[in-house]
Amino acid sequence: MSNSVKTGPQRDEVQAHRGASAVAPENTLAAFRAAAEQGAQWVELDVALLADGTLVVIHDDSVDRTTSGTGSLGALNKDDLDRLDAGSWFGASFAGERVPTLSETLQLLGQLGLGANIEIKQHEHHRSLEQLTTSVRAALRTAGATTRVMISSFDPEALAAMHRLEPGLEMAMLWSKVPPNWQERLASIPATTIHLHYKALSIGLLEEAGRLGIKVRVWTCNEPAVLASFWPAGLSGVITDNPAAFLN
Ligand code: G3P
Ligand code: CA
């Protein structure tokens, strides 16, 4: 048996945040391809519903920041988004990228052999949690078993609803810092994983989580040196804009 101390992440513990968003426009197919090119095995992505119920991969509740258009997702349909350029804001070489649906994203990830950490965003325009979670499930069913999936959210209700639909999936609770009663909160979902802002991480948390069989990953860290002391203490993963920094 090896006595070697873990000094960095395993290859499958590095997740590309919104794809490899340091080098390609976030949450686009180009960003997911770039993650694969950098050697990542997982991508993190954000999902939200359009007015017509299409589930798309986008971080904000409007298209203003990351496309050529303007407007709330709640006032736009898939046809509207298909006319928008989601790449030029990042760089001319990405002109023509589109806001992808979750279904087409999962199809690509399956082809690339990448797992998906699907972050369910709750936006004000969403009509119901049921519509949101059943849409995620429908996309998963369309993708079939070719893509590894975990679900994350800042919303414990979304995780609980997803767990009821897909009890076999890993559920990760997103926190900026851990609340005092984090163990009870996870158990009530139930979730087995914490995704925590990297600045709130501590050795004590990793030790206690480890004793309880709870995984801890951190977001969004782009500096490998910052996490060096946490890998030997049981850190399970990093979500980063720059997977190459952790994989080389
Ligand atoms: O997965 C963690 C991270 O993505 C949460 O923050 O704002 O980038 O979605 P945000
Ligand atoms: Ca996210």
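1. A polar side-chain atom of Asp46 sits 3.4 Å from an oxygen atom of ligand 1, a polar contact in the sense of a pair of N or O atoms within 3.5 Å. The model is predicted, so to speak of local features needs pLDDT of at least 70 and side-chain atom pairs count only at pLDDT 80 or more, while totals for chains, interfaces and linings use all residues. Residues are numbered from 1 along each chain as its sequence is written, ligands are numbered from 1 in the order in which they are written, and side-chain values use heavy atoms, with hydrogens and water left out.

2. Arg18 has a side-chain N or O atom 2.7 Å from an oxygen atom of ligand 1. For Glu44 the corresponding distance to an oxygen atom of ligand 1 is 2.7 Å. Taken alone, ligand 1 exposes 290 Å², of which the protein buries 90%; these areas come from the Shrake-Rupley method with a 1.4 Å probe.

3. Among the residues around ligand 1 are His17, His59, Phe154 and Trp219, where a residue counts if one of its heavy atoms lies within 4 Å. By class, this shell has four nonpolar, two polar and five charged residues; Asp, Glu, Lys and Arg count as charged.

4. The calcium ion (ligand 2) is coordinated by Glu44 (OE), Asp46 (OD) and Glu119 (OE) at 2.1 to 2.2 Å. Donors are N, O and S atoms within 2.8 Å of the metal (3.2 Å for Na, K and Ca), and water is not among the atoms, so sites may look incomplete.

5. Glu44 in strand E2 (residues 42–49) and Glu119 in strand E4 (residues 115–120) are 75 residues apart and link distant parts of the chain. Strands are DSSP runs (E, at least two residues), numbered from the N terminus. Both Glu44 and Glu119 are buried, that is, under 20% relative accessible area with a 1.4 Å probe, protein chains only.

Terms used
Helix = DSSP H or I, 4+ residues; strand = E, 2+ residues; numbered from the N terminus. Buried < 20%, exposed > 50% of the residue type's maximum accessible area, 1.4 Å probe, protein only. Polar contact = N/O pair within 3.5 Å; in protein donor to acceptor, adjacent residues only side chain to side chain.
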